[in-house]
Amino acid sequence: MSEAVVIGVGNRVMGDDAAGPVVLDRLEGRVPASVALIESVGDATHLLETWRDAGLAVIVDAVVSGGVAGSIRRIDGMQGFPSAWRSASTHLVGLAEAVDLGGAVGVLPDAMVIYGIEIDRLEPGVGLSSTVDRAVDEVAASIAELCTSYS
C-alpha cells in the first residue's frame, strides 16, 4: 500500500502523448519515497490496481479537447470530468471511464487529482513539442509540491 501514487498515462513513442510518463521522469527525486511513480498506457484495469490502496492518486494524461496546446487543467477526479474530456483521451478507454468503473466496483482512492495537458501532436517517433514540454515542467512542480504537503 502506498499513501500516494502518481500515475503518468501515455505512450512514450507518440509525440505529446508522452506527457504523463515524462512528468514521472521529472518527479524522480522530487517526491517523498512513500510516493509511488507508476507509468500506465491507460488500461482501465491497470489504473484500478495502481490506485486501489492509495490515499491520494494523482494522474497526468494528455488530452485533445480543442484547447490551446500546452494548457493545463487540474480537476478533482472524484467530482466528475469536463464533458470535453469524455472523448478527449488518446487511449481506447479513457481515464473518465476508468474512474467511472472504479466507482462502480468500489475501487477508488480516498482522493484523486487529475492533470490534463492539452497536446499538439501525436506522431510516432517524435518527442514532446516545446509547449507541452513547458507544461510538463509546470505540472511536475505542482505535483512535487502536492505530494510533499500530503506526506
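## Salt bridges, sheet and cores in a predicted model

The whole structure holds 5 salt bridges, a salt bridge being a side-chain nitrogen of Lys or Arg within 4 Å of a carboxyl oxygen of Asp or Glu. The model is predicted, so local features need pLDDT of at least 70 and side-chain atom pairs count only at pLDDT 80 or more, while totals for chains, interfaces and linings use all residues. Residues are numbered from 1 along each chain as its sequence is written, and side-chain values use heavy atoms, with hydrogens and water left out.

Three of these pairs are listed here.

| Salt bridge | N to O distance |
|---|---|
| E39 and R12 | 3.0 Å |
| D133 and R26 | 2.5 Å |
| E49 and R52 | 2.8 Å |

Helices (H or I, at least four residues) and strands (E, at least two) are DSSP runs, numbered from the N terminus. E39 is partly exposed at 38% relative accessibility, and R12 is partly exposed at 37%; buried means under 20% relative accessible area, exposed over 50%, and partly exposed in between (1.4 Å probe, protein chains only). Salt bridges with shared partners join R12, D25 and E39 into one network.

An open sheet has 5 strands in the order β2-β1-β3-β5-β4, with mixed pairing; two strands pair if DSSP finds at least two bridges between them. At the edges are β2 (35–40) and β4 (72–76), each with a single partner strand, so one side of each has no neighbour in the sheet. From one strand to the next, the twist averages 15 degrees. Strands β4 and β5 run antiparallel and are joined by 5 bridges; R74 has Y115 in β5 as its bridge partner.

The largest nonpolar core has 28 residues, and V6, V23, L27, I117, V136 and I143 have the most contacts inside it. Such a core is a set of buried Ala, Val, Leu, Ile, Met, Phe, Trp, Tyr and Cys residues joined through side-chain atoms within 4.5 Å. Two or more residues each come from β1 (4–9), α1 (19–27), β3 (56–63), β5 (111–118) and α4 (130–150). Helix α4 gives the largest share of this core, 9 residues. Another core lies apart from it, with 19 residues, among them I7, V9, I75 and L95.

Conventions. Axes are lines fitted to C-alpha atoms, for helices over the stretch in contact, and angles run from 0 to 180 degrees between N-to-C directions.
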